[in-house]
Amino acid sequence: MRKIILASSSIHRKKLLQQIKLNFTAISPDIDESRNKNEPVNKFVKRLSIEKAMKIAMIKKNSIVIGSDEIAVVDNKILGKPLTKKNARKQLNLISGKKVTFKTGICVIDTDTMKKYSSVVNYYVQMKKLSTNIINNNTASEIVVGIEC
């Protein structure tokens, strides 16, 4: 039987696959996630999902490899992982009361044939107006700011 491999170190993506009771292994692809100069956002998120999946597909045979990446965009600005509590508070202030677009790239590769499927899906979240109290309470965890994601 072929293995399913999640090409990711994201605890959130692992939880998603666990919710549907999928038997899988997660392997961190460890790629450069820098955006190329003038690279359109959809192309960027799709490229990252493909690169993640391809990196693992090249070393794991008899498998289905899933690579994914997600980017949040608000007011035409890409929001990366904040990495510090101060930046997390800034980002939450920025998105407060606004519509946020999440662009999710996914790539699935059959390592036996090296055939791949890739796509980008947008979904939208209308944020409520966030008080300073809510912002401070929601940035208390290291996981929230992306240190452990």
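Is Asp30 buried or exposed in this predicted model? With a relative accessible area of 63%, Asp30 is exposed, because that value lies over the 50% cut-off.

**Close-up 1. Asp30 in the loop between β2 and α2.** Asp30 is found in the loop that runs between strand β2, residues 25–27, and helix α2, residues 41–57. Although Asp30 is not a glycine, its phi is positive, at about 50°. The side of the picture given by accessibility is that Asp30 counts as exposed, at 63% relative accessible area.

**Close-up 2. Asn38, a residue with positive phi in the loop between β2 and α2.** Asn38 is placed in the loop between β2 and α2, and its phi, near 60°, is a positive value in a residue other than glycine. The relative accessible area of Asn38 is 71%, which is over 50%, and Asn38 is therefore classed as exposed.

**Close-up 3. Ile95, a buried residue of helix α3.** Ile95 belongs to helix α3, which comprises residues 85–95. Its relative accessibility of 11% falls under the 20% cut-off, so Ile95 counts as buried. When residues up to four places away in sequence are not counted, Ile95 touches Val74, Leu79, Val100 and Met127. One of these contacts, Leu79, is 16 residues from Ile95 along the chain, and the C-alpha atoms of Ile95 and Leu79 are separated by 9.7 Å.

Terms used: Residues are numbered from 1 along each chain as its sequence is written. This is a predicted model: local features need pLDDT of at least 70, side-chain atom pairs count only at pLDDT 80 or more; totals for chains, interfaces and linings use all residues. Side-chain values use heavy atoms; hydrogens and water are left out. Helices (H or I, at least four residues) and strands (E, at least two) are DSSP runs, numbered from the N terminus. Buried means under 20% relative accessible area, exposed over 50%, partly exposed in between (1.4 Å probe, protein chains only). Contact means heavy atoms within 4.5 Å.
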